[in-house]
Amino acid sequence: MIYLKLFFSFLQIGLFSFGGGYAAMPLIQGQIVTLHGWLDMSEFTDLITISQMTPGPIAINSATFVGIKIGGIPGALAATVGCILPSCIIVTVIAKLYLKYRKMDMLQGVLHTLRPAVVAMIASAGVSILVSAFWENEEMIELASANWSMVVIFLISFFLLKKAKLNPIFVMVLAGGMKAAVSAAEKFL
């Protein structure tokens, strides 16, 4: 039954996505693109974009989106509940334990050790999305086949976010406008 598949897939994502939404992206990709084939890589990139633009955590937005696409409203409920259930249980247990043992050196050491793994998961997801944004065929990554308009939009957006410190929502709207302008210009040429 598709609702159980959605529930258990997003239960796994919710259970193992330590480090937040960006760290969950490789897990989401593994479940919905690689394992089940519910979305292709292009749709996955669109999903991440939509999840970023809407309020709420990426994993929950993704669960709701995929659930609706695959099983309608009941699918969205199954996927979303599967995604948040582990967090509710784990956070409750950890909060109690952390409040009791927060001064313990071993606990602080474990938390410090997990940081590089979380950074690696975030970087992995970022590189996957970057590759799918710049190249149509991800197996054929060559400079000649890059989508240079997307590279330029990325560089401008990166500069506006990091150097100019503009609001991310404004930068997303501006990037969408730049892409629309490029598409319109391509139609006339």
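The following dialogue concerns a predicted model and the criteria behind the terms applied to it.

Guide: In this predicted model, local features need pLDDT of at least 70 and side-chain atom pairs count only at pLDDT 80 or more, whereas totals for chains, interfaces and linings use all residues. Residues are numbered from 1 along each chain as its sequence is written, and side-chain values use heavy atoms, with hydrogens and water left out.

Visitor: What makes residues 168-188 helix H7, and what span is expected?

Guide: Helices are DSSP runs of H or I with at least four residues, numbered from the N terminus. H7 has 21 residues. The expected span is 1.5 Å times one less than the number of residues; for H7 this is 30 Å, and the span from first C-alpha to last is close to that, at 30 Å.

Visitor: Why are the buried residues of H7 said to line one face?

Guide: Buried means under 20% relative accessible area, exposed over 50%, and partly exposed in between, with a 1.4 Å probe and protein chains only. In H7 the buried residues are Val171, Ala175 and Met178. Seen down the axis, they fall within an arc of 60 degrees, and therefore they line one face of the helix; the arc is that of the directions from the helix axis to the C-beta atoms. The face turned away from this buried side carries the exposed residues Ile169, Val173, Lys187 and Phe188.

Visitor: How do you know that Cys83 is in no disulfide?

Guide: A disulfide is a pair of cysteine sulfur atoms within 2.5 Å. The nearest cysteine sulfur to that of Cys83 belongs to Cys88 and is 10 Å away, so Cys83 is in no disulfide. A search of the whole structure finds zero disulfides.

Visitor: Why is Cys83 called buried, and what is Cys88 called?

Guide: Cys83 has a relative accessible area of 4%, which is under the limit for buried, so the term applies. Cys88, at 46% relative accessibility, counts as partly exposed.

Visitor: Where is Asp40 found, and what makes its approach to Ser42 a polar contact?

Guide: Asp40 is found in the loop between helix H2 (21-35) and helix H3 (41-53). A polar contact is a pair of N or O atoms within 3.5 Å; within protein, one must be able to donate a hydrogen and the other to accept it, and residues adjacent in sequence count only if both atoms are side-chain atoms. A polar atom of the Asp40 side chain lies 3.1 Å from the backbone nitrogen of Ser42, so the distance is within the limit. The Asp40 side chain also reaches the backbone nitrogen of Glu43, at 2.7 Å.

Technical notes
Helices (H or I, at least four residues) and strands (E, at least two) are DSSP runs, numbered from the N terminus.
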